[in-house]
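Student: Could we go through the pockets in this one together?
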Amino acid sequence: VSMTFGSLPFAISNMQLMRNRANAHVRIGWLRSVYNIPYAFGVGSFVDELAHAAGKDPRDFWLELIGPDRHIDFAADGFEFSNHGQSLEVFPYDTARLKNVITVLTDSIGWGQELPPGQGWGISAARSFLSYVAVACKVEVEGDQLRVTEMHAVMDCGTVVNPDRVHAQLEGAMIFGLSLALMGEITFENGTAVQTNFHDYPVARTIQTPAVIKTHIVPSEAPPAGVGEPGVPAVAPSIANAVFAATGQRIRELPLNKHFQV
């Protein structure tokens, strides 16, 4: 709750948030980027949905929702925001940096270009582990066959000492996010996980991986922040939003292999 539920960076005057406790019937384990993944999918998908309902460009709608440049103090709204264990004075939630990664990303891919039928771009963005990441994915849908043809990511993780390491982490996070979006599902029977290994819990193979994967690091003098996990959360919503742009079909339940051949 303190890391995601109350940390919407949107300049909205009135917002009502509700939560309920849910019993965990199996032990909850770790996942790369943890609870930021479902949070970012819900937020990133709904922002895109609202943009289309309002007849606005999704990129412009993101920037409009985030609003003016500012540092957000979620404690002022009554939340115990842990900020990944770091001080908000040293690592503020900076909306200017979040907007910047969206702008840099969309400028780099030529956002707004006309595409042939069955193709579409989708974007999403998220702050996690003190870093800011925006992801754009391009998809192509023919019949019931879905292919992700391009993936682009822009990260602002503060001061970078080893750029190659950051690019590698971001590329790996994108492929991990792609695997989750396409096929990442674990089911349970009688309190036991059905899937046992990679034969029934597949990860993205070469043929499912886009030929174009590009990463960009925003130069920054801010303190160093996370690089291993922040690249994951925005991937799935960007793909689902691209599917909507290509087909008009809004995906609200993952993985995508429930809806398409992948």
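This is a predicted model: local features need pLDDT of at least 70, side-chain atom pairs count only at pLDDT 80 or more; totals for chains, interfaces and linings use all residues.

Student: OK, what volume does the largest pocket have?

Tutor: The largest pocket has a volume of about 1,100 Å³, and its lining is made up of 32 residues.

Student: And which residues lie nearest its centre?

Tutor: Leu-31, Leu-180, Gly-184, Ile-186 and Tyr-201 are the lining residues that lie nearest the centre of the largest pocket.

Student: Which helices supply at least two residues of that lining?

Tutor: Helix H1, spanning 36-53, and helix H4, spanning 163-183, each supply at least two, and the largest share, five residues, comes from H4.

Student: How does the lining of the largest pocket divide into nonpolar, polar and charged?

Tutor: There are 24 nonpolar residues in the lining of the largest pocket, along with four polar and four charged ones.

Student: Switching over, what about the second largest pocket, how many residues line it?

Tutor: The second largest pocket is lined by 15 residues, with Trp-111, Gly-112, Gln-113, Trp-121 and Ala-245 lying nearest its centre, and its volume is about 280 Å³.

Student: Which elements give two or more residues to that lining?

Tutor: Those elements are H1, strand S3 (119-128) and helix H5 (235-247), and it is S3 that provides the largest share of the lining of the second largest pocket, namely five residues.

Student: And by class, what does the lining of the second largest pocket have?

Tutor: By class, that lining has six nonpolar residues, seven polar residues and two charged residues.

Terms used
Residues are numbered from 1 along each chain as its sequence is written. Side-chain values use heavy atoms; hydrogens and water are left out. On a 1 Å grid over the protein atoms alone, a cavity is a set of points where a 1.4 Å probe fits but cannot get out, and a pocket is an open set with protein on both sides within 12 Å along at least five of seven lines; lining residues have an atom within 4 Å of a point. Grid points are joined across faces, edges and corners, and a volume is the space filled by probe spheres set on the points. Helices (H or I, at least four residues) and strands (E, at least two) are DSSP runs, numbered from the N terminus. Ala, Val, Leu, Ile, Met, Phe, Trp, Tyr, Cys and Pro count as nonpolar, Asp, Glu, Lys and Arg as charged, and the others, Gly among them, as polar.
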